[in-house]
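Please look over the sequence and the model below before reading on. The paragraphs that follow lead from the arrangement of the chains to the details inside each of them.

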There are 2 protein chains.
Amino acid sequence: MTSPAHAADGDLARLSLNTATTKALTLAEAVDAAVRAGLPAVGLWRDRVQEAGLERAARLVADAGLRVSSLCRGGFLTAADDAGIAAALEDNRRAVVEAATLGTRELVFVVGGLPASPGAGLPASPHPGGAAADPARDVAATRRRVADRIADLVPFAQEHGVRLVLEALHPMFAADRAVISTLGQALDLAEPFPAETVGVVVDTYHVWWDPDLERQIARAGAEGRIAGYQVCDFLLPLADDALLSRGYMGDGFVDFATITRWVGQAGYTGDVEVEIFNQAIWDQPGDDVVATVAERYRRHVLPFL
Amino acid sequence: MTSPAHAADGDLARLSLNTATTKALTLAEAVDAAVRAGLPAVGLWRDRVQEAGLERAARLVADAGLRVSSLCRGGFLTAADDAGIAAALEDNRRAVVEAATLGTRELVFVVGGLPASPGAGLPASPHPGGAAADPARDVAATRRRVADRIADLVPFAQEHGVRLVLEALHPMFAADRAVISTLGQALDLAEPFPAETVGVVVDTYHVWWDPDLERQIARAGAEGRIAGYQVCDFLLPLADDALLSRGYMGDGFVDFATITRWVGQAGYTGDVEVEIFNQAIWDQPGDDVVATVAERYRRHVLPFL
C-alpha cells in the first residue's frame, strides 16, 4: 500500500529511515513502512538492494516518492596484498555505480580494521618480537593504506557524481571494523580531496564521547563535508555483539540536544537518518519500529536541529 | 617465602606487577609471587591494601624490597550534588594519604562517568525534551566538574608529595567509568597544574587506537607528566564485562613495539606495570600468571623500551 509522498508529515521533513533499523523487512516492505509513517527518505543497505535487484530497487524507491539519503556501505579498504586491494577496489566501484543508480550522492564507507582482525582473513599471529613492529597490528600503516585506496577511488566517484563518505566508528571497533576512530581523523583523511567527492558522516553512537567533537563538527561544516547525520543511542551494558548496542534515541547516554545543535550550527540541512542495530528492535513489527523512531525523533532531535 | 630484592632479574628491572592481575591473591601472596619471579615493583589496589591494613601493607612491601609503582585508584569525581562532591573529596584525600604511606608518588585516577550511568546512583531518566540539554547526559559539564575536583584536591596532594595521575579510559567506558577518553584530553586537564602534582598514565588497552597517540605521548613526556606506563593487550570479542577484555601482551591487537618506542622516546624511565583484568587469567595459579607476564614483557615490551 505505497502511498504518495504528499502524505509526508512536515515535522518529519528531514527524517530518513535507515533500513538496517528494520532489518527483517525486505526493501519493498521498508519503503512501504517509511511512506506509511510519513517519512520522506530512506537510507539503504547494499544487501537489501542487491536482493531486490538494483534497477528494481531504484524504481521502487522513486515510485514511492522517497529520497535516498545514503547507501551503506562501501569501504573495507585495509587489505595489504594485491588480490585484496584489487577486490576492494572492484567492490567499491560497484558500490559507486549502485549509489548513482539509486539516486544518492552519499556512499558511506566503513574503512575496515587491522590485518590481524578475525574478519581480515589473516590469523592473529603471535607477535614476532625482535626489532620490527608486527605489520598485522600496525595501525598507522593500515591507515595509510586506507588513504591510498581513497585516492584510488576518487576519480571514479567523481565521474559518477558520488561522494565517498568516511565514517568514524567507535574506537571499540578499531581492531576489527574501522581504523578511523574520530571525526577529526576522518576529516584529515578527506582533506586532500574536494568536499563534493569525499565527505564525512556524524553518527552519534560512534562519536558522542569525543572531547573534540564540537570543534570537529564545526570544521566539517566549514569544509562542506557533512554528508549525513545518523542518530541512535548508546546503550549499556554492551550487547554480546557490541555493534548491536544501539538503541532508540532517549534510551541511552547520548546528549542529542547538544550534538544536534552543533550539527545544525555547522550548517547541515540534509536528512537525519535513524540507524539502529538492535536485536530486540529487529524483533518488533516494522510499523511499530518506524512509529517509535518518528516519536523519538520529534522529542530528542527535531527541537534542536 | 619472601626473598631479598637482590634476586631481581636485570631484564625485569622496570617490570611491576599490578596486583589486579593476580586478583585472587592477598597482598602478601602477590608480593611473594612478584619477589619469587624476580620483579622489583608492584602496583597496588586500595581494596587489597585496606584488607591487609595500611601500615602493615606498607611494611610488607618495603620488607620485601619492592617499589610501589602506583596506587590504584582514586577518582570518581563526577558527582553534581554537594553530598556526592564531599564524599568524593574525602575518599580521595584518604587515597592520597594511603599513597604517601605506601611510599608511592603516583595515585591513579579513574575519574567517573555520566550522572545517568548506572554506577552514579541516579536513574537513567528519560530525556526531558524541550529546549534544555539533559544534565544527566551532559558530558561537557561532567568534564568541567572533574576539572573542579582536581583543582580542589591539588593542594592536599602537594602537601603529601603525591601526584594525581589522570587515566584516559577507552571510550567504551565514557558513559559509566571515565569521561576522560584520550591522553590529549587528560593532558589538557592536567595543564593548569604542576607536572609534579598532576600527571597521566599511558595504558595501552585504553589508548592504542588513538590516531593522535604518538603526538600526545611526546607531549606528555615533554611536559614531564608521564607517571606510569601500563601494558596489557586488547582482546576480541569483548568479554561480557568489557573491562575484562584485557589480555597478556601478544594475545590481542596492540602494537607494543610502536607504542613502547614512543613512550621510551618521550623520556619515560619509570616502571612498566602489567595490569590485566581477565577472568581466565584470574583463574590461573598466581606464579604461572607472573611467569607469563614476565615472559611476554621480555618478548613484546622490553626490546622496545
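Chain A is superposed on chain B by a rotation of 180 degrees with 0.0 Å of shift along its axis, at an RMSD of 0.0 Å. That is the relation of a two-fold axis. The model is a predicted one, and in it 100% of the interface residues of chain A are also interface residues in chain B, so the copies meet through the same surface.

Within chain A, eight strands form a closed barrel in the order 1-2-3-4-5-6-7-10, and their pairing is parallel. Averaged over this sheet, and with direction ignored, neighbouring strands are turned by 30 degrees against each other. In general, the strands of a sheet pair through backbone hydrogen bonds, in either a parallel or an antiparallel way.

Not counting residues up to four places away in sequence, A:Val293 touches A:Leu15, A:Thr21, A:Tyr248, A:Met249 and A:Val274. With a relative accessible area of 0%, A:Val293 is buried. Between the C-alpha atoms of A:Val293 and A:Ala220, which are 73 residues apart along the chain, the separation is 26 Å.

Two other helices of chain A meet each other: the axes of helix 4 (residues 82-102) of chain A and helix 5 (residues 139-159) of chain A come within 10 Å and cross at roughly 35 degrees. The crossing of helix 4 of chain A with helix 5 of chain A is right-handed. From helix 4 of chain A the contact takes in A:Ile85, A:Leu89, A:Asn92, A:Arg93, A:Val96 and A:Val97, which meet A:Arg149, A:Asp152, A:Leu153, A:Phe156 and A:Ala157 in helix 5 of chain A. Sorted by class, the residues of this contact are seven nonpolar, one polar and three charged.

In chain B, seven of the eight residues of helix 6 (residues 183-190) are buried, so this helix is largely enclosed by the rest of the structure. The buried residues are B:Leu183, B:Gly184, B:Gln185, B:Ala186, B:Leu187, B:Leu189 and B:Ala190. Their cover includes helix 5 (139-159), strand 5 (163-167), strand 6 (198-203) and helix 8 of chain B. To helix 8 (residues 213-222) of chain B belongs B:Gln216, which touches B:Leu183, B:Gly184 and B:Leu187, residues up to four places away in sequence not being counted. B:Gln216 is itself buried, with a relative accessible area of 5%.

Helix 1 (residues 27-36) of chain B is mostly covered as well, with seven of its 10 residues buried. These are B:Leu27, B:Ala30, B:Val31, B:Asp32, B:Ala33, B:Ala34 and B:Val35. The buried residues of helix 1 of chain B pack against strand 1 (15-18), strand 2 (41-45), helix 2 (46-52), helix 3 (54-63) and helix 11 (286-300) of chain B. After helix 1 of chain B comes B:Gly38, with a positive phi near 85 degrees.

Key:
Residues are numbered from 1 along each chain as its sequence is written. Chains are lettered from A and ligands numbered from 1 in the order in which they are written. This is a predicted model: local features need pLDDT of at least 70, side-chain atom pairs count only at pLDDT 80 or more; totals for chains, interfaces and linings use all residues. Side-chain values use heavy atoms; hydrogens and water are left out. Two strands pair if DSSP finds at least two bridges between them. Helices (H or I, at least four residues) and strands (E, at least two) are DSSP runs, numbered from the N terminus. Axes are lines fitted to C-alpha atoms, for helices over the stretch in contact, and angles run from 0 to 180 degrees between N-to-C directions. Buried means under 20% relative accessible area, exposed over 50%, partly exposed in between (1.4 Å probe, protein chains only). Contact means heavy atoms within 4.5 Å. A crossing is left-handed if the near helix is turned anticlockwise from the far one by less than a right angle, and right-handed if clockwise. Ala, Val, Leu, Ile, Met, Phe, Trp, Tyr, Cys and Pro count as nonpolar, Asp, Glu, Lys and Arg as charged, and the others, Gly among them, as polar. Copies are superposed by least squares on the C-alpha atoms of residues with pLDDT of at least 70 in both.
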